[in-house]
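Dear colleague,

My notes on what was found in it come after it.

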Amino acid sequence: MANDGPVEHGYPHLETVRAAITALYKRLSYDSVRTFETSVLPVDVAFCDTDDLYTGAQRVAHELVRHYRLPDARLVVSFREMRHAASVELAAGPEYFVELNDRFRDHRQDIGAALAHEVMHVYLHRLDLSFPGVRDNEILTDTATTYLGAGWLLLDAYREDGASSQKLGYLTPEEFGYVLAKRALLFGEDPSVWFTSAQAYTAYVKGMELARRDGEQPPLTAAGWAGRRRYARDRRHAPAGPPQPGVRYAFSPDGGGRLRVSFPCPTCHQRIRVPVRGRVRARCTLCRSVLECDT
């Protein structure tokens with residue numbers, strides 16, 4: 001939790017974020033991901049200053065348990081002075097103990113954001129889905145929280161001005177915006193109407209720009225002129241050398257010596273391999289996206 005300290009910006013964790021989206025599809029399946037079409041709504045996690053602290057926190061936790069479809073999980077929420085925003089004790093269940101930073105006693109509007117991350121830890125624990133290392137596993141948790149409909153709360157908790165700052169989670173604001181944009185493009189959702197933080201909206205707009213560019217990379221037909229020209233040049237020299245920096249496609253021969261190109265699916269980032277033979281329609285077996293390519 002960045003609390004009146006510097007906030008990291010940009011996309012330093014982008015490849016881990018993309019790997020996390022792929023891992024979600026592999027572990028959950030396309031059909032399960034589609035069941036999270038509706039995000040957590042502001043009214044579901046609203047927290048007024050007049051609400052009792054503990055009763056209100058339990059209510060919000062219950063709503064997030066319901067959203068993640070963990071009906072047999074019970075969360076016991078408490079508050080204490082700590083360095084991080086929150087922590088959860090992962091055990092066999094069905095009862096899980098969540099501790100929130102004392103800061104949230106006075107910033108109750110962000111309790112939903114902190115709990116969204118911690119309840120996702122429980123969800124991933126039950127799925128037996130994790131990444132090696134604390135850092136990557138926390139990035140997985142932030143990504144899953146956002147992609148499955150509760151992470152807009154984490155982005156909305158980001159505030160920064162000349163005198164103070166607050167950011168929850170391990171992703172940068174722009175990375176939260178990127179994952180939220182990937183979700184918005186998938187479900188046709190506009191989460192920006194829920195933001196109360198102007199900085200969160202700015203980060204979402206930047207993330208959307210990058211998310212859209214995922215679908216405009218060669219060999220996809222939506223690629224721009226510069227990308228198509230570079231692709232044609234690389235294809236002429238393939239497979240003589242390794243891919244150039246900044247290029248996500250790669251050429252390789254198949255068993256019969258014919259050239260194929262592999263590239264990441266713009267939705268789930270699983271790599272797709274198709275023959276180099278002009279116009280091709282490819283279907284991602286993981287997320288079922290149908291992709292128009294010019295190879």
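This is a predicted model: local features need pLDDT of at least 70, side-chain atom pairs count only at pLDDT 80 or more; totals for chains, interfaces and linings use all residues.

Aromatic rings

A search of the whole structure turns up nine aromatic pairs. One of them joins Phe 36 and Tyr 123, whose ring centres are 6.2 Å apart and whose planes meet at 80°, so this pair is edge-to-face. The two partners come from distant parts of the chain, 87 residues apart, with Phe 36 in the loop between α2 (30–34) and α3 (53–67) and Tyr 123 in helix α4 (residues 111–127). Buried means under 20% relative accessible area, and because Phe 36 has a value of 2%, Phe 36 is buried; Tyr 123, at 9%, counts as buried by that rule too.

Another pair is formed by Tyr 249 and Phe 251, with centres 5.7 Å apart and planes at 70°, so this pair is likewise edge-to-face. Both Tyr 249 and Phe 251 are buried.

Returning to Phe 36, you will find that ring pairs link Phe 36, Tyr 68 and Tyr 123 into a cluster.

Helix α7

Helix α7 (residues 173–187) is made up of 15 residues, and from its first C-alpha to its last it reaches 21 Å, which is close to the 21 Å expected at 1.5 Å a residue. Of the 15 residues of α7, 13 are buried, so the helix is largely enclosed by the rest of the structure. After α7 comes Gly 188, which has a positive phi, near 65°.

The cavity

How many cavities of 30 Å³ or more are there? The count comes to one, and the space in this largest cavity is about 90 Å³. Its lining consists of Asp 214, Gln 217, Pro 218, Leu 220, Arg 248, Tyr 249, Phe 263, Pro 264, Cys 265, Pro 266 and His 269. By type, the lining residues divide into seven nonpolar, two polar and two charged.

With best wishes

Key:
Residues are numbered from 1 along each chain as its sequence is written. Side-chain values use heavy atoms; hydrogens and water are left out. On a 1 Å grid over the protein atoms alone, a cavity is a set of points where a 1.4 Å probe fits but cannot get out, and a pocket is an open set with protein on both sides within 12 Å along at least five of seven lines; lining residues have an atom within 4 Å of a point. Grid points are joined across faces, edges and corners, and a volume is the space filled by probe spheres set on the points. Ala, Val, Leu, Ile, Met, Phe, Trp, Tyr, Cys and Pro count as nonpolar, Asp, Glu, Lys and Arg as charged, and the others, Gly among them, as polar. Rings of Phe, Tyr and Trp (its six-membered ring) pair if their centres lie within 6.5 Å; planes under 30 degrees apart count as stacked, over 60 as edge-to-face and the rest as tilted. Helices (H or I, at least four residues) and strands (E, at least two) are DSSP runs, numbered from the N terminus. Buried means under 20% relative accessible area, exposed over 50%, partly exposed in between (1.4 Å probe, protein chains only). The expected span of a helix is 1.5 Å times one less than its number of residues.
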